[in-house]
Each structure stands twice: as C-alpha cells, then as structure tokens.
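Here is my note on the model you sent. Please read it with the structure open beside you.

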Amino acid sequence: MSWRPTYRSSKFRNVYGKVANREHCFEGVPITKNVHDNHFCAVNSKFLAIVTESAGGGSFVVIPVTQDGRPQGHFMAWISDSTEKETVKKLLSGRIDPHHPKVCGHQGNVLDIKWNPFHENIIASCSEDSSVRIWEIPDSGLRRNMTEAVLELYGHSRRVGLIEWHPTSNGILFSAGYDYKILIWNLEIGEPVKMIDCHTDVILCMSFNTEGSLLTTSCKDKKLRVIEPRSGNVLQEANCKNHKVNRVVFLGNMKRLLTTGVSRWNTRQIALWDQEDLSIPLIEEEIDGLSGLLFPFYDADTHMLYLAGKGDGNIRYYEVTTEKPYLQYLMEFRSPTPQKGLGVMPKLGLDVGACEVFRFYKLVTLKGLIEPISMIVPRRSETYQEDIYPMTPGTEPALSADEWLSGTDRGPVLTSLKEGYSRPSKLVFKAPVKEKKSVVVNGIDLLENVPPRTENELLRMFFRQQDELRRLKDELAQKDVRIRQLELELNNLRNSPSNSNSNSAGSL
C-alpha cells in the first residue's frame with residue numbers, strides 16, 4: 001500500500017514569519033494607552049501612521065516608509081534645513097524623535113485611522129469628539145504639527161469608533177458611532193448621504209465584500225448582520241447566543257464570513273458562515289482559553305487567514321478552501337512580546353523579490369516599539385513568482401461616488417505586482433467648500449441634541465443647560481441695564497439747552 005500524507009498539499013504550507021532587524025523597527029513611539037478595541041495603526045506603501053498618547057486632545061504620527069519597512073531615504077534630498085535633516089537621520093536609524101511632528105487637530109482621543117486606498121496621501125481619522133476628519137499628508141512627510149484638516153465631518157451625536165473606506169468607489173467613507181448609527185459620507189460634497197439605523201447597540205466591526213455591494217457588521221447586541229449599504233436593508237441576521245461575535249470579515253468572493261468571538265465557556269472561538277444563510281455557522285472551532293480579542297486578517301490573493309490575539313504575541317494562519325473542512329491550519333508565529341494592535345501593509349507595498357505575501361506592523365506599547373513582521377513563502381528562485389502573486393487591486397477606483405450611489409457595482413481594478421505595483425496614482429483629492437448648516441438624513445437632523453442614553457449623560461446635559469440659562473439671564477440683565485442707560489441719554493439730549501433753543505428758534 002502506497003503512503004499518502006494526512007495533510008492537504010499547499011504551496012503556503014511552509015510560510016514563516018520573519019521579524020525585521022532592529023534598525024528596520026521604529027522605536028520611541030508614544031503609542032496610545034487607550035483601551036478601545038482597535039488597531040491604532042494604519043499603513044500604506046508610503047506612510048505609517050500610529051495613534052499616540054497625548055494630553056488635551058488626540059493625535060497620531062505619520063512616518064514615511066519604504067518596502068523594507070524603514071523611513072524613506074530619498075526624502076533627505078528634499079530637505080534643506082539642517083535640523084530637519086537630523087530628524088530624518090534619527091528616523092533612518094529606527095529611533096523616532098520625541099518631538100516628531102504630529103497630526104493633532106482632534107479635541108478628543110483618536111479611536112481609528114484609515115488610509116484612502118486610492119489616494120496614498122489622504123488619511124481619515126475619527127475621535128471621541130464625535131467628528132471624522134480628512135487629512136492630506138505631504139509627500140515629504142510632516143515637518144511641523146498639522147492642526148487643520150482638509151475636511152471636517154460632523155453628523156454623529158456621540159463619539160465615533162470606526163471608519164472604513166469603500167473598497168472600489170472613490171470618495172465614499174463609512175463611519176460608525178456610539179449613537180448606534182452608520183453614516184455614509186460622500187467626500188465630493190462633504191456631507192452624509194445615507195444613515196444606516198438598524199443596530200440597537202454599539203457597532204464593533206464593519207467589513208465589505210470585494211465589490212463593496214454588501215456590508216457585514218458585528219454588534220454588542222450579539223447579532224451578526226449582512227446589510228445592503230445603499231438602502232440600509234438587513235439581508236441576513238444571526239442571533240449569536242452560543243458564539244459571542246466580536247470581529248467579522250468577508251472572505252473575498254467565496255460568499256463566506258468569518259467571525260471571531262467567545263464561546264459560552266469563555267474560550268476564544270472562530271466561526272465560518274454562509275453569507276446567504278446565517279441561521280447556523282458552517283463550522284465552529286475553539287482556539288484557546290486566553291481572554292484577549294482575536295483580530296482576523298484575510299488575504300484574498302492567497303486565501304490565507306491570519307488570527308492575531310490582542311495582548312499576546314502569537315499569529316496563527318490558515319488556508320481557506322470552499323470545501324470541507326474549509327479551514328486548513330498551516331502554522332503559528334510566536335513572539336514573547338504582547339501586541340496592542342497590528343497594521344497591515346497593502347499588497348502594493350510588499351517586497352515581491354523576497355517572496356513576501358503579508359506584512360504586519362506590530363505595536364508593542366511597553367517598549368514604544370513598532371515591529372514589522374513579514375510572512376514569507378520560502379522559494380529558492382529569485383525570479384518573479386506568479387503563482388503566489390496573482391492580479392491584485394490597485395490604486396485606481398472602479399467607480400465614482402455618484403456611480404456607486406446610483407446603484408452600480410463593479411469589482412476592483414486589478415494590477416500586476418510584477419510591473420504595476422510602483423505606479424503612482426494620478427487622482428487629486430479636492431475638498432468641497434462647505435457652509436455651516438443642518439445635516440438632515442432620512443428627515444432627521446443629526447446635529448440636533450439627541451435624548452441622553454445614560455444617567456451620566458442626563459446629568460451632563462442638565463448642568464450644561466443650567467449654565468446656558470445662567471449665561472442667558474446675565475446677558476439679558478446686561479442688556480436691560482444698557483437699555484436704561486440709552487433711555488437716560490436720550491432724555492438728556494431732549495432736555496438739553498441747545499435742543500430747547502433750536503426748538504424756540506424754529507417756532508419764531
């Protein structure tokens with residue numbers, strides 16, 4: 001009888017994680033200590049952005065990077081000031097200057113940041129100050145603190161915890177707030193064009209399918225939803241009693257959803273769902289007994305799923321298939337240092353010469369360290385490996401904002417990493433000129449005061465109204481005094497001798 005392996009053959013079977021050298025890491029970054037369940041990190045092929053700890057408002061730093069993870073060396077030729085050159089030299093050595101310029105326009109802590117997939121210099125941020133802001137970063141990076149945003153978006157009545165760019169349409173941004181609403185922003189006009197109001201608690205996660213025609217959300221009300229974003233209709237809904245969902249991600253074009261959460265025995269668990277039938281998960285698998293949140297990352301090009309735990313240093317990875325058992329365990333990357341969050345480099349910024357198929361940027365809060373971790377397929381050949389680098393979404397949008405809003409769906413514009421990954425985007429972001437006015441969506445003015453949801457909010461609103469009443473009373477009293485003064489001056493003018501003389505002369 002011939003011997004056959006018990007595992008499935010896969011070209012990603014031996015993928016391994018490689019930590020960057022010390023000089024390729026970023027040290028001295030004051031990473032935020034906020035306990036909000038987010039990554040606090042965003043990466044693209046030009047910049048690395050990290051939310052930082054700050055007093056009196058929120059801020060984040062932006063650092064130019066190269067394909068090997070280090071800051072851009074060719075920016076030195078653009079800088080004439082000697083002090084700025086010294087700052088860049090420190091960046092090139094891996095150490096971030098404590099006084100490195102920041103983006104610091106928010107009045108509250110920054111909770112999420114995301115780079116625009118089609119404009120590599122545009123980044124969106126949301127904050128506890130209930131605003132979403134759009135920033136444009138210069139090609140050479142920040143030379144001084146940036147406080148003025150290109151666009152400020154106000155529509156949520158409470159803090160905004162999540163933002164997501166539409167994957168194929170240019171200028172469409174989704175934001176989820178603690179007011180249980182998702183707003184769809186058209187950045188070409190700088191206003192919300194739709195409000196999704198089907199959630200009854202805080203929204204924990206948002207994810208799009210490949211075309212951006214479907215949106216899936218996980219919510220604190222223990223429900224998993226698949227939503228048609230333009231209409232706001234809930235197409236599928238699952239009440240997850242045995243599997244408390246925290247994070248959800250679409251698995252490309254497989255018509256599958258993967259969720260991470262906690263089982264009824266408080267063990268970390270993953271579940272695979274059919275997006276067209278959420279009545280019962282296809283499979284459920286327990287991971288371990290740790291308490292940290294599990295972040296899922298899916299690579300649609302290689303069909304690999306990565307699971308990274310918040311508070312531990314391990315990253316497990318699987319290969320996803322359309323047939324049972326659906327998830328094939330590959331290997332686990334282990335590290336002794338715990339991670340607060342992870343940023344993911346887009347495919348266009350990977351080193352294809354080293355057969356790198358995925359790259360994380362790991363946030364280590366205790367050390368103030370950002371550590372790149374490359375997932376590499378071991379190959380001896382130095383030529384371009386077409387089998388592990390299929391056509392991938394590029395930096396060209398497939399639709400305009402108006403086309404998507406009118407009901408058109410289209411897949412992403414694909415490009416080859418062999419020749420087109422360094423092609424710059426020719427799009428120019430133009431912020432609309434906005435006038436201050438009410439924001440009305442579905443007949444509701446989003447800028448009006450909403451009823452308080454907790455006792456603390458009720459007390460804050462009460463004291464705020466009392467202060468406003470006192471201020472108005474004082475202003476009214478001052479105006480009364482001023483009116484009396486003007487009346488007295490008017491009487492004095494009427495009774496003055498010059499006035500009486502002129503009256504008598506007129507009578508003669």
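This is a predicted model: local features need pLDDT of at least 70, side-chain atom pairs count only at pLDDT 80 or more; totals for chains, interfaces and linings use all residues.

1. **The largest core.** The largest nonpolar core holds 33 residues. Those with the most contacts inside it are Phe-26, Leu-48, Ile-50, Phe-60, Val-62, Ile-137 and Ile-370. Two or more residues each come from β2 (41-43), β3 (47-52), β4, β6 (110-115) and β27. The top contributor is β3, which gives five residues.

2. **Ile-137 within it.** Which residues does Ile-137 contact, leaving aside its neighbours within four places in sequence? They are Phe-47, Val-62, Val-103, Trp-115, Asn-121, Ile-123, Leu-142 and Met-146. Val-62 is also on the list of core residues with the most contacts.

3. **The second core.** A separate core of 25 residues is also present. Its members include Phe-12, Cys-355, Phe-360 and Leu-417.

4. **Strands β4 and β5.** Strand β4 (residues 58-64) pairs with β5 in the antiparallel sense, over three bridges. Val-61 has Lys-102 of β5 as its bridge partner. Strand β5 (residues 102-106) is mostly covered, with four of its five residues buried.

5. **The loop between β24 and β25.** Two backbone features deserve a look here. The peptide bond from Lys-324 to Pro-325 is cis, with omega near 10 degrees. Pro-325 sits in the loop between β24 (315-320) and β25 (327-333). Tyr-326 lies in the loop between β24 and β25 as well. Its phi is positive, about 70 degrees, although Tyr-326 is not a glycine. Is Tyr-326 buried or exposed? Tyr-326 counts as buried because its relative accessible area is 11%, and the cut-off is under 20%.

6. **Cys-355.** This residue is found in the loop between β26 (341-344) and β27. Cys-355 is not a glycine, yet its phi is positive, near 60 degrees. Its relative accessible area is 3%, so Cys-355 is buried. Cys-355 also belongs to the second core.

7. **Glu-356.** Where does Glu-356 lie? It is in strand β27 (residues 356-364). Glu-356 is an acidic residue to check by eye, because it is buried, with a relative accessible area of 3%. Which side chain makes a polar contact with that of Glu-356? The partner is the side chain of Arg-359, at 2.8 Å. Not counting residues up to four places away in sequence, Glu-356 touches Leu-350, Asp-351, Ser-374, Met-375, Ile-376 and Tyr-389.

Note on methods: Residues are numbered from 1 along each chain as its sequence is written. Side-chain values use heavy atoms; hydrogens and water are left out. Buried means under 20% relative accessible area, exposed over 50%, partly exposed in between (1.4 Å probe, protein chains only). A polar contact is a pair of N or O atoms within 3.5 Å; within protein, one must be able to donate a hydrogen and the other to accept it, and residues adjacent in sequence count only if both atoms are side-chain atoms. Contact means heavy atoms within 4.5 Å. Two strands pair if DSSP finds at least two bridges between them. A nonpolar core is a set of buried Ala, Val, Leu, Ile, Met, Phe, Trp, Tyr and Cys residues joined through side-chain atoms within 4.5 Å.
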